[in-house]
Amino acid sequence: MAIPYSDLDNDNKRYENHDNKSYQNMANFKRYFHSFIGNGQVSDVLLWRNTRLSASILFIVTAVWYYFEVYEHNFVSLVCYAAMVAMFFICVTYTMAKYTQWDLPDFEEITIPESKFKWLYKKTNELLLKFYHTASGED
């Protein structure tokens, strides 16, 4: 039994129309979801519109997870390693500056305004007070 050509043509149009509607619905949903998240860079990262940034974040988070779970290190050792690497680079930079005549910043010229110093001092005292209350069992 042969199927008339006109019936096949009508079926193809029906499927094309259905695919076009589903594509429009999906596009509307993506647009709505993007605006729901916030239309900013965060939504671009979450929806993988900025693929390089999304892949970089995924790689860094995976590396940190691998470091903590597989190597079974804790946060304190990570901070210590970061401090050691920073001290090494500072030492190498200042040593190389002596031999290559680089002009490095003079730390005696760096000043902090008194208002910012007072704010930092207040925040540090509040943090230490919270630690004290937590350690003493009052919290």
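Student: How many disulfides are there?
Tutor: The count is 0 disulfides. Keep in mind that this is a predicted model. A pair of cysteine sulfur atoms has to lie within 2.5 Å to count.

Student: New topic. Which residues does UniProt list as "transmembrane region"?
Tutor: The unreviewed UniProt entry gives residues 51–68 and 75–97.

Student: How much of residues 51–68 is helix or strand in the model?
Tutor: That span is 100% helix and 0% strand. Its end C-alpha atoms are 26 Å apart.

Student: And what are the figures for residues 75–97?
Tutor: Again 100% helix and 0% strand. Here the end C-alpha atoms lie 33 Å apart.

Student: Where is serine 54?
Tutor: Serine 54 sits in helix 3, which covers residues 51–69.

Student: Why does serine 54 count as buried?
Tutor: Because its relative accessibility is 4%, and the cut-off for buried is under 20%.

Student: What does serine 54 contact, leaving aside its neighbours within four places in sequence?
Tutor: Asp44, Val45 and Trp48.

Student: Where is confidence highest, and where is it lowest?
Tutor: Helix 3 is highest, with a mean of 94. Helix 1, residues 5–37, is lowest, with a mean of 63. The chain as a whole averages a pLDDT of 82. At least 70 is reached by 83% of the residues.

Student: Switching to rings. How many aromatic pairs does the structure hold?
Tutor: There are 4 aromatic pairs. One of them joins tyrosine 67 and phenylalanine 68, edge-to-face. Their centres are 5.4 Å apart, with 65° between the planes.

Student: Why is the pair of phenylalanine 88 and phenylalanine 89 edge-to-face?
Tutor: Because the ring planes are at 65°, and over 60 degrees counts as edge-to-face. The ring centres lie 5.6 Å apart.

Student: Is phenylalanine 88 buried or exposed?
Tutor: Phenylalanine 88 is exposed, at 52% relative accessible area. Tyrosine 67 is buried, at 17%. Phenylalanine 68 is partly exposed, at 24%.

Definitions and conventions: Residues numbered from 1 in each chain as written. Predicted model: local features only at pLDDT ≥ 70, side-chain atom pairs only at ≥ 80, totals over all residues. Heavy atoms only, no water. UniProt positions renumbered as here; feature names shortened; annotations may be inferred. Helix = DSSP H or I, 4+ residues; strand = E, 2+ residues; numbered from the N terminus. Buried < 20%, exposed > 50% of the residue type's maximum accessible area, 1.4 Å probe, protein only. Contact = heavy atoms within 4.5 Å. pLDDT = per-residue confidence, 0-100. Phe/Tyr/Trp six-rings, centres within 6.5 Å; stacked < 30°, edge-to-face > 60°.
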